[in-house]
Amino acid sequence: MSILFQEENKLFTIHTKNSTYQMKIDPYGFLLHLYYGKKVAGNMDFLLFYSDRGFSGNPYEAGKDKTYSLDTLPQEYPTLGTGDFRNPALVVRNEDGSFACNLRYVSHSIRAGKYGLKGLPAVYASEDEAETLEIYMKDPVSGLEVDLLYGVLPELDIITRAARIHHDGDQKLTLEKVCSACLDFLTGDFDLITFHGRHAMERNYQRTPVEHTSQVIGSRRGMSSHQYNPMMILAGKDTTEEYGSCYAMSYVYSGGFKGEVEKDQTDGTRMLLGLMDDMFSYPLEKGKAFYAPEVIMTYSESGITELSHNLHKCIKKHICRGKYRDVNRPVLLNSWEGCYFDFNGEDIYQLAVQAKDLGIDLLVMDDGWFGKRDEDISGLGDWYVNEKKLGESLPHLVKRITDLGIKFGIWFEPECINEDSDLYREHPDWALQIPGRDPVRARYQLVLDFSRKEVVDYIFDSVCDVLDQADISYVKWDFNRSITDAFSHDTSDQGKVLYDYILGLYDFLERLLARYPDLLLEGCSGGGGRFDAGMLYYSPQIWCSDNTDAIDRLRIQYGTSFGYPIPTMGSHVSAVPNHQTGRITPLKTRGVVAMSGTFGYELNPAYMTDQEKEDVRAQIEDYKKVRHLIQYGLYYRLTNPFLQETAAWMFVSEDRSEALLNVVQQQVHGASLCTYVRLRGLKKDALYQEEVSGKIYPANALMEVGYPLPTELGSYQTFQIHFKEYY
Ligand code: GLA
């Protein structure tokens, strides 16, 4: 049993393989958080410290006891209006306009298996792999009920949190802020690690000290965003990749979010993750539950690499679903950077011919095949094939391509609409816009109101009409703007729209996968604008960034790797000079970087020399020899490309008998010193043989001193070494 309840002490204890989490119901029925960290046994309520602190009030029942204050005690799910003045997890507006919400323990249940969340993505697991704890809390005055949900995957050191919020009373209750997870730490000196960015430069690593202020990351964009990723790490000051305590929270949600870390008046730290509360005001209908999306939490006592491994394992096997979870992903050629909007059916067919010749498995026809779409100003919403542009029907084109022996994939942007489209002319009210105001345009497009079922149904049918025409194995699902003008004609409560929009999106995706179970979905939002565990529930890979420059990708993929497994990151070799940066890098370097993701190409092979084509064929063959390590192995960051000129990372098989070292040199400098890259994850006392040279190395020396990099490695050069255990 991973979840224990001790009646006499009113203690909930959750044990995973290496961690313990403990809570206590206090004499007044409040749920206090006691501990999360290294595995321990026993009762941790000795950690609570009661003192009379000025301006920290006391619950009425505490009577003359001035030392009991929710303002200073660690809370499990803090609400506004109870005398806890730190950042709250839940804010509720009552019918009388007041904001008090005083949740008390009612009962609980413990069972095998993992809870699910209606309409939302969530970690899934079998009854042998997981347990669920539900703690039922209630505000006795308003009747609001909050069911705190905990899912425990002990082998992976994962604890998930979510909440079901409902009421049966006659009061009108409105949710004004809803977080899913709160962690209160009584002590500790932490750093906060977050991942910020912008379009085409996502998930830059940032580590800042936690001080007496509230640090907030988040998105008001209706999407998880390029600007901040909904994954954050709290690490001890001395914690490194290999040593020390750290905690992660990752949001299984693709809409706006808010992550907060605050050091309080008693030097305690609170970490929260939940829905963005701006433009959120959700009336709770009597008898109807509101689900707070899931947060995945994990703890590592031995550094950040292990924290990433926990998240990787959880996402690979318990978030990603479908056929492609466990099979080799196809190597693809995408038409975007090779053709942009300028193609016809024959051009796409010729790309496929070239792809086949190079050893590529799948050809993807990107934007430009539908409606009136020769540039980005028109066409979105009109999901019918432009046969005039293609010069042939879709079934005809797809048959020609699949007859070559490769698969076919296609691009959609189902959530958006151009004003210059038949759909907009017919249903202008289907686009999110506020009556009487001009909407904010982005890339000349508006967003469809996916909070409305009829809109979702219509687009679903039009997408299916296309997919039913031909043998289509793959869909790239794009979303190319942030959401503004969140106004729906379907409701008078506009504070619901952004959350309901995401429910509409998930409903669409769920139905799509139910209807086409073998379809490989690749998520995309101007590259990695919606790279989150929510989308990964539907699409096991996401186009990591619109930036295909190999050197920028070192940073983008490094940042992404903290929270997300390598095979979730779509990554392609493109032409040089690179279209985003103008940089020229060797084909080999572009290959090594792109294959540390779901590997593909995004260029027109017709412009390559015969030698380059030969090199690409060899690159794909080499990739196929090591992809079992990349897709299924453990990933180790060896350097930080934000701080070091040498970017190095490696993959190690689960049984540690094989490893793949990857190195890319960023800038070189005069009279450079020899760089030793310390390997990780090998079997300590074993010997490893380098595949090509046959040289043998002791693992301990590779891990303690390092592998000396050739000094002649110039700027942007790379090398990759495949090691096998030598017996
Ligand atoms: C976005 C995507 C690109 C491409 C274009 C097409 O920018 O990220 O990969 O599909 O849209 O318009």
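Predicted model: local features only at pLDDT ≥ 70, side-chain atom pairs only at ≥ 80, totals over all residues.
**Ground rules.** Residue numbers start from 1 in each chain as its sequence is written. Local features need pLDDT of at least 70, side-chain atom pairs need pLDDT 80 or more, totals for chains, interfaces and linings take in all residues, and side-chain values use heavy atoms, without hydrogens or water.

**Domains.** The protein chain splits into domain 1 (3-51 + 66-318) and domain 2 (646-726), with bounds that come from an automatic or database domain assignment. Their C-alpha centres sit 39 Å apart.

**The barrel.** Helices here are DSSP runs of H or I with at least four residues, strands are E runs of at least two, and both are numbered from the N terminus. Eight strands close up in the order S20-S21-S22-S25-S26-S27-S28-S29, with parallel pairing; strands count as paired if DSSP finds at least two bridges between them. From one strand to the next, the twist averages 30°. S21 and S22 (residues 407-412) share four bridges in the parallel sense, and Met365 has Ile410 in S22 as its bridge partner.

Touching means contact, that is, heavy atoms within 4.5 Å. Angles run from 0 to 180 degrees between N-to-C directions, with axes fitted to C-alpha atoms, for helices over the stretch in contact.

| Helix | Strands touched | Angle |
|---|---|---|
| H8 (residues 497-515) | S25 (474-477), S26 (520-523) | about 175° with S25 |
| H11 (residues 587-594) | S28 (569-574), S29 (598-602) | about 170° with S28 |

**Helix H3.** At the start of H3, a side-chain oxygen of Asn344 comes within 3.0 Å of the backbone nitrogen of Glu346. After the helix comes Gly359, with a positive phi near 100°.

Buried means under 20% relative accessible area, exposed over 50% and partly exposed in between, using a 1.4 Å probe on protein chains only. In H3, the buried residues include Ile348, Tyr349, Leu351, Ala352 and Ala355. An α-helix has 3.6 residues a turn, so residues three or four places apart point the same way. Among the elements covering H3's buried residues are strand S21 (362-365), helix H5 (394-402) and helix H12 (610-632).

**Thr82.** This residue sits in the loop between S4 (31-38) and S5 (90-93). Is Thr82 buried or exposed? Thr82 is buried, at 19% relative accessible area. A polar atom of its side chain lies 3.2 Å from the backbone oxygen of Thr79. Setting aside neighbours within four places in sequence, Thr82 contacts Leu70, Cys101 and Asn102.

Methods: Polar contact = N/O pair within 3.5 Å; in protein donor to acceptor, adjacent residues only side chain to side chain.
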